[in-house]
Amino acid sequence: MRLLIADDEPVIRRGLVKMAESYRLRFDAIDTAVNGEHALSQIKEAEPDVLLTDIRMPRMNGLELCRELHEQYGHIQIVVISGYGEFQYAQQCLAYGVKHYLLKPVTGAMLHQTFDAIMKHRHKGIVSLASYVDWIENIGQEIWMLQTERLDQLLKEWREQLLAAGLSVPQLQQLLDDAVGMIYRRLVSKGYMELTSIKPLGHQTAPESLLQAFELRVKQMTADLITQRWGNFKNPLEEVKSYIDSHLSEEITLEEVAEMAGYTPTYFSAMFKKMTNETFVRYRIHRRMERAKELLALPHMRIIDVAANVGYEDYPHFTKMFKKVTGHTPTEYRSMLGFNG
């Protein structure tokens with residue numbers, strides 16, 4: 001579910017964002033707008049499910065924005081915020097289908113109660129396709145990386161969202177059976193081997209039972225992967241590092257390495273930084289300089305050949321980068337080792 005917050009006061013806008021971020025159900029996206037005109041352009045680009053708007057704003061106020069939405073985007077749920085003494089605006093908003101009205105100052109509890117009311121009366125049986133695809137991708141990645149805590153958190157978040165969506169039992173069963181198949185195929189494409197038969201969820205009579213059966217399949221795939229790696233464990237990060245080390249003389253890209261490892265570039269970049277405390281680019285530079293130091297310790301190697309060996313055809317650039325990382329030029333480094341040239 002997407003949320004758009006429109007308010008011309010930066011402090012209030014940021015406060016509303018923080019309150020929305022602490023809501024028990026996570027929004028797929030929280031966008032902001034500085035006035036009604038800006039909000040309308042945002043809505044045309046990416047329609048939100050809920051609009052939270054101040055009644056008084058420059059350019060186009062909240063009332064005008066509500067009128068525009070009523071005419072063109074009647075499905076968007078609108079929450080109007082106004083100050084004391086502006087009740088006449090609220091009365092006008094009712095004519096534009098606005099059902100939720102908050103009086104300043106807005107508190108987190110007030111806002112969360114309003115979100116609860118919206119969730120309760122939303123169209124039932126609808127799950128965001130974009131969220132569903134992201135969820136499948138993220139679960140597959142966390143299983144592959146054996147990040148069990150993050151996996152449990154993802155399962156918990158989606159349990160809440162799927163229950164809130166109000167899907168029928170047949171709808172939920174179809175969605176979760178498809179999810180099991182998609183996650184399984186993603187893992188197989190990375191090298192996963194099925195040790196225990198991953199069966200369909202089977203006939204269940206309640207949403208909770210379906211979700212438990214789905215989570216059991218996910219835990220089963222995770223356990224199989226741990227067993228598969230027990231005797232022949234290959235840490236994905238170590239494989240990536242080994243690949244980088246064996247291609248230091250080449251201009252490999254993050255996208256290329258991510259594809260080799262079986263990850264999306266965005267996920268790989270975040271994962272790599274989290275696990276090494278360095279970006280992909282910084283890690284590769286440091287590995288190149290470490291290799292350069294090893295080669296500079298060989299008297300017969302010319303510095304220009306060392307540069308080429310670690311991927312720098314531009315000798316001045318190599319010298320500059322080496323000094324930036326080590327604090328010395330290649331020639332100075334060799335002198336420290338006791339020989340020249």
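## Helix packing and salt bridges

In this predicted model, Ile285, His286, Met289, Ala292, Lys293 and Leu296 of helix H13 are in contact with Phe318, Met321, Phe322, Val325 and Thr326 of helix H15, contact meaning heavy atoms within 4.5 Å. The residues of this contact comprise 8 nonpolar, 2 polar and 1 charged. H13 (residues 280-296) and H15 (residues 315-326) pack at an angle of about 100°, their axes lying 10 Å apart, which makes H13 roughly perpendicular to H15 (a class that covers 65 to 115 degrees).

The structure holds 14 salt bridges, each defined by a side-chain nitrogen of Lys or Arg within 4 Å of a carboxyl oxygen of Asp or Glu. Three of them are listed here.

| Pair | N to O distance |
|---|---|
| Asp54 and Lys104 | 3.3 Å |
| Glu215 and Arg159 | 3.1 Å |
| Asp245 and Arg287 | 2.9 Å |

Asp245 lies in helix H10 (residues 236-245) and Arg287 in helix H13, so this pair ties together parts that are 42 residues apart in sequence. Salt bridges with shared partners also join Arg159, Glu208 and Glu215 into one network.

Asp54 is buried at 2% relative accessible area, whereas Lys104 is partly exposed at 31% (buried is under 20%, exposed over 50%, and partly exposed in between, with a 1.4 Å probe and protein chains only). Glu215, at 17%, is buried, and Arg159 counts as buried at 18%.

Residues are numbered from 1 along each chain as its sequence is written. Local features need pLDDT of at least 70 and side-chain atom pairs count only at pLDDT 80 or more, while totals for chains, interfaces and linings use all residues, and side-chain values use heavy atoms, leaving out hydrogens and water.

Technical notes
Axes fitted to C-alpha atoms, helices over the stretch in contact; angles between N-to-C directions. Helix = DSSP H or I, 4+ residues; strand = E, 2+ residues; numbered from the N terminus. Parallel < 35°, antiparallel > 145°, perpendicular 65-115°, else oblique. Nonpolar A, V, L, I, M, F, W, Y, C, P; charged D, E, K, R; others polar.
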